[in-house]
Amino acid sequence: MFVVALSPRPRSVTDVAAASEQLWDQLSEVDTHAPFTAVSGQLLLGVPKDPEAAVDALMRVTRLNFCNIGLGIGSLYEPVPAEADLVEGKAMRRALGALEAASHRGERVPICVSSGTDEMDAELEGLLRMLGHWIRTRTEAEWSVVDLLTPGVRGQQKAVAEILGITPQAVSAAIVRSGYNDELGARAAISRLLEFTDQL
């Protein structure tokens, strides 16, 4: 199981209210066993449904550059409650420990992972930070295209071009510049590693 713990970094943005609204909008799109909830003003918790959802949550939060992020991997007491603040087990304790580490390491992309296996944690952190940094460098124009794409659906470029009022060639160029297809491959690989790690 996977638990994501977040702590906002208000000094990283100029408009805290707008950033908070964006954060909740992003988190509401994540598939979860227990939806993200604010335990306090300094702690948000959520239980993603599967490895893919865990990666999705981490990248959505990283995009906003507004939070320290901890990912805990391990068992949870079952049945898993529908409220994240009632969840208990190893994954929860590890998520909180990972969040504490992320808050103090000074990384450019503050993500830490705790699974009980230090070597695997370090490897996952490296991959997640690298992907997160890549995502954070996208321009608004590239995001306007990427946000309209559905993974695995062919022939979307013309429709996206019509929505944005640009040419299909401009959409194609934005997809290439954004690294969108590489992101999908990286997400899939990280999800496989998370699934493997959860089974250790």
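## Cysteines

Cys 67 counts as buried, because its relative accessibility is 3%. The structure is a predicted model. A disulfide would need two cysteine sulfur atoms within 2.5 Å, and the count of disulfides comes to zero. Cys 67 takes part in none, as the nearest cysteine sulfur, that of Cys 112, lies 14 Å away.

For Cys 112, the closest cysteine sulfur is the one in Cys 67, and at 14 Å it is too far for a bond. Cys 112 is buried, with a relative accessible area of 1%.

## Salt bridges around Glu 125

The count of salt bridges is nine. One of them pairs Arg 105 with Glu 125, with 3.1 Å between the closest N and O atoms. This pair links distant parts of the chain, 20 residues apart: Arg 105 sits in the loop between α3 (90-104) and β5 (111-114), and Glu 125 in helix α4 (residues 118-136). Arg 105 is partly exposed at 44% relative accessibility, whereas Glu 125 is buried at 6%.

Glu 125 also forms a salt bridge with Arg 129, at 3.5 Å from N to O. Glu 125 and Arg 129 are four residues apart in helix α4, so about one helical turn separates them. Both Glu 125 and Arg 129 are buried.

Glu 183 and Arg 138 form a salt bridge in which the closest N and O atoms are 2.6 Å apart. Glu 183 belongs to helix α8 (residues 180-198) and Arg 138 to the loop between α4 and α5 (140-146), so the pair ties together parts 45 residues apart in sequence. Both Glu 183 and Arg 138 are buried. Through salt bridges that share partners, Asp 56, Arg 60, Arg 138, Glu 183 and Arg 187 are joined into one network.

Definitions and conventions
Residues numbered from 1 in each chain as written. Predicted model: local features only at pLDDT ≥ 70, side-chain atom pairs only at ≥ 80, totals over all residues. Heavy atoms only, no water. Buried < 20%, exposed > 50% of the residue type's maximum accessible area, 1.4 Å probe, protein only. Salt bridge = Lys/Arg side-chain N within 4 Å of Asp/Glu carboxyl O. Helix = DSSP H or I, 4+ residues; strand = E, 2+ residues; numbered from the N terminus.
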